[in-house]
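The sequence and the structure come next.

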Amino acid sequence: MTFAQMFSKVKDMLKNADVSHIQEHLAYQFNITGEAEGVFYAEVKDGQLYVEPYEYFDRDAMFTCKAETLFKIAEGRMDPILAVTLGKLKVEGNIERALKLKDIMKSKA
């Protein structure tokens, strides 16, 4: 899987996420390692979710993992806290804000 294919899948998975209840600004950067290596960000701003294939320097949290791990978390097949415990997901930055990503993932239609 290439980065473009992985990013397209992520964007498709998140396109129906309902973040209208989130009034604060949240910004996350994802560093994908291994196959499909690359960087993208997800930002909640003014009740809308934006996902773009760029670095985000003024981020709240940064996640580093393989694409496979990200998909398992997004599909609800792996708990993100377990992924950190197992060393499959690395989180840097504001942990409280990082945990809000779970709410975004759950809000997908």
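In this predicted model, Leu99 counts as partly exposed because its relative accessibility is 46%, a value between the limits of 20% for buried and 50% for exposed residues. Leu99 is placed in the loop that runs between helix H4 (95–98) and helix H5 (101–106). Together with Ile81 and Ile95, Leu99 forms a nonpolar patch on the surface, and the accessible area of these three residues together is about 280 Å².

Helix H2 (residues 67–74) is largely enclosed by the rest of the structure, because six of its eight residues are buried. The buried residues of H2 are Ala67, Thr69, Leu70, Phe71, Ile73 and Ala74. Just after H2, Gly76 adopts a positive phi of about 80 degrees.

The largest pocket has a volume of about 350 Å³. It is lined by 21 residues, of which Ile73, Asp79, Pro80, Ile81 and Lys102 are the closest to its centre.

At least two lining residues of the largest pocket come from each of H2, helix H3 (80–85), strand S5 (89–93), H4 and H5, and H5 gives the most, with four residues. The lining divides by class as follows.

| Class of residue | Number in the lining of the largest pocket |
|---|---|
| Nonpolar | 16 residues |
| Polar | one residue |

Key. Residues are numbered from 1 along each chain as its sequence is written. This is a predicted model: local features need pLDDT of at least 70, side-chain atom pairs count only at pLDDT 80 or more; totals for chains, interfaces and linings use all residues. Side-chain values use heavy atoms; hydrogens and water are left out. Patches are made of residues with over 30% relative accessible area and no salt bridge: like charges are joined within 9 Å, nonpolar side chains (Val, Leu, Ile, Met, Phe, Trp, Tyr) within 5 Å. Accessible areas come from the Shrake-Rupley method with a 1.4 Å probe; for residues, only the protein chains shown count as cover. A salt bridge is a side-chain nitrogen of Lys or Arg within 4 Å of a carboxyl oxygen of Asp or Glu. Buried means under 20% relative accessible area, exposed over 50%, partly exposed in between (1.4 Å probe, protein chains only). On a 1 Å grid over the protein atoms alone, a cavity is a set of points where a 1.4 Å probe fits but cannot get out, and a pocket is an open set with protein on both sides within 12 Å along at least five of seven lines; lining residues have an atom within 4 Å of a point. Grid points are joined across faces, edges and corners, and a volume is the space filled by probe spheres set on the points. Ala, Val, Leu, Ile, Met, Phe, Trp, Tyr, Cys and Pro count as nonpolar, Asp, Glu, Lys and Arg as charged, and the others, Gly among them, as polar.
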